[in-house]
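Subject: Handover of a structure, with notes on what was found

Dear colleague,

I am passing the structure below on to you, and the notes that follow it set out what was found. Please read them with the model open beside you.

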Amino acid sequence: MSRLNYHHLHYFWAVASEGHLTRAAERLHVSQSALSAQIRQLEEQLGQPLFLREGRKLQLTELGAVVMRYAEEIFALGNELLATAASGQGRGTLRIGSVATLSRNFQEWFLQPVLKEADVRLVLESGSLDELLQRLKAHELDVVLSNRPALGDDKQSWRCRTLARQPVVLVGPPRPEGRTFQFERDLPALPLLVPSRKSEIRLRFDLLCEELALQPAIRAEVDDMAMLRLLARDAGCVALLPAIVVRDELGKGLLQQYCVVPRVEETFYAITVQRQYLPPLLQDLLRMAADDQARSLAAP
């Protein structure tokens, strides 16, 4: 077989991604006829059609689906090469995606070892987990920080490393001295602020309440930890959240920890893709986080 023309393959990948010849031509700034000719040459080289036309849309043939998987891997590897080359100056640039609802205090803890290094450039972006994983897959990000693991499938496998596990607590206005808090006795009477039902914390808390036959008085459900932190500080209610989120408020006495909620915790993950080369800076951060986690587990 003659050598593969990667220019033809890129045009095929663009059309398959769009599912439409006209949109792909506009995206590539070429005419439809020129684009069709490139695809036809690739089909002639492979000896089989790659698309079936259904109305105005193009559907991949069985071979087309196979070629598409190869194309995605090839161009993702090219993006990885560019990212690797770009990180070769000094200690380099680290591109981090963070789920929008993730604790800012946790992010600061993870990045603390490199925040003051003059030869390190950090690019921090937030978004939904699905959005960030797509950018990670395309090697536009080096790592995604999340409080939910990424579930792989037959098209994509993710590598999830556990960075930390944080206890979840109930915090609220300082209580009168001498008044001890008992979880099962006092919880139902509290005006409660909780994470939304999309949160792993909320899922575990609901299961615990069901098991103990408790009916908490939920005043608000909040899917953003920064907002939950503000409401915990200013609304006079009791909030369910990881202790690290309100670390400063607890230290200043603005809030009081009522109790550690049994069997409920938040897990923080670093998600990466399988790649040939992991940036040394990211390797250092992951190793330091793992060391911290090991020390916390070993502590009495």
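Is Leu145 buried or exposed? Leu145 is buried, because its relative accessible area is 1%, where buried means under 20% relative accessible area, exposed over 50% and partly exposed in between, with a 1.4 Å probe and protein chains only.

Before going further, please keep in mind that this is a predicted model, in which local features need pLDDT of at least 70 and side-chain atom pairs count only at pLDDT 80 or more, while totals for chains, interfaces and linings use all residues. Residues are numbered from 1 along each chain as its sequence is written, and side-chain values use heavy atoms, with hydrogens and water left out.

Domains

The protein chain is divided into domain 1 (6–85), domain 2 (90–164 + 268–298) and domain 3 (165–265), with bounds that come from an automatic or database domain assignment. The centres of domain 2 and domain 3, taken over C-alpha atoms, are separated by 27 Å, and their contact (heavy atoms within 4.5 Å) takes 12 residues from domain 2 and 13 residues from domain 3.

For residues 4–61, UniProt lists "domain: HTH lysR-type" in an unreviewed entry; its positions are given in the numbering used here, feature names are shortened, and annotations may be inferred rather than shown by experiment. In the model, this span is 62% helix and 14% strand, and its end C-alpha atoms lie 19 Å apart. Helices (H or I, at least four residues) and strands (E, at least two) are DSSP runs, numbered from the N terminus.

Nonpolar cores

A nonpolar core is here a set of buried Ala, Val, Leu, Ile, Met, Phe, Trp, Tyr and Cys residues joined through side-chain atoms within 4.5 Å. The largest has 54 residues, of which Leu170, Phe183, Leu187, Phe205 and Leu241 touch the most other members, and this core draws at least three residues from each of domain 2 and domain 3. Leaving out residues up to four places away in sequence, the contacts of Leu170 include Phe181, Phe183, Leu187, Leu192, Val238 and Tyr258. A second, separate core is made of 19 residues, among them Leu9, Ala14, Leu58 and Met68.

Individual buried residues

To return to the residue of the opening question, Leu145 lies in strand β5 (residues 143–146). Beyond its neighbours within four places in sequence, Leu145 is in contact with residues including Ile96, Val99, Leu102, Phe110, Leu163 and Tyr269; the C-alpha atoms of Leu145 and Leu102 are separated by 8.0 Å, although these residues are 43 residues apart along the chain.

Phe268 is found in strand β10 (residues 256–273) and is buried, with a relative accessible area of 0%. Phe268 and Ser146 are 122 residues apart in sequence, yet 5.8 Å apart in space from C-alpha to C-alpha, and Ser146 is one of the residues that Phe268 touches, along with others including Leu102, Phe106 and Arg161.

Leu286, in helix α11 (residues 280–298), counts as buried at 9% relative accessibility. Not counting residues up to four places away in sequence, Leu286 touches Phe110, Arg161, Leu163, Ala270 and Leu278.

Gln156 sits in the loop between β5 and β6 (158–172) and is also buried, with a relative accessible area of 17%. Apart from neighbours within four places in sequence, Gln156 is in contact with Lys137 and Val273.

Positive phi

Which loop holds His29? His29 is placed between α2 (21–28) and α3 (32–46), has a positive phi of about 60° although it is not a glycine, and is exposed, with a relative accessible area of 73%. Ala213, in the loop between α8 and β8 (217–222), likewise has a positive phi of about 60° without being a glycine, and counts as exposed at 67% relative accessibility.

A pocket

The second largest pocket has a volume of about 360 Å³. A pocket is an open set of points on a 1 Å grid over the protein atoms alone, where a 1.4 Å probe fits and protein lies on both sides within 12 Å along at least five of seven lines, and lining residues have an atom within 4 Å of a point. Grid points are joined across faces, edges and corners, and the volume is the space filled by probe spheres set on the points. The lining consists of 20 residues, of which Val99, Thr101, Arg148, Lys198 and Asp223 lie nearest the centre of the pocket, and α6 (129–137) and α8 (200–212) each supply at least two residues of this lining.

With best wishes
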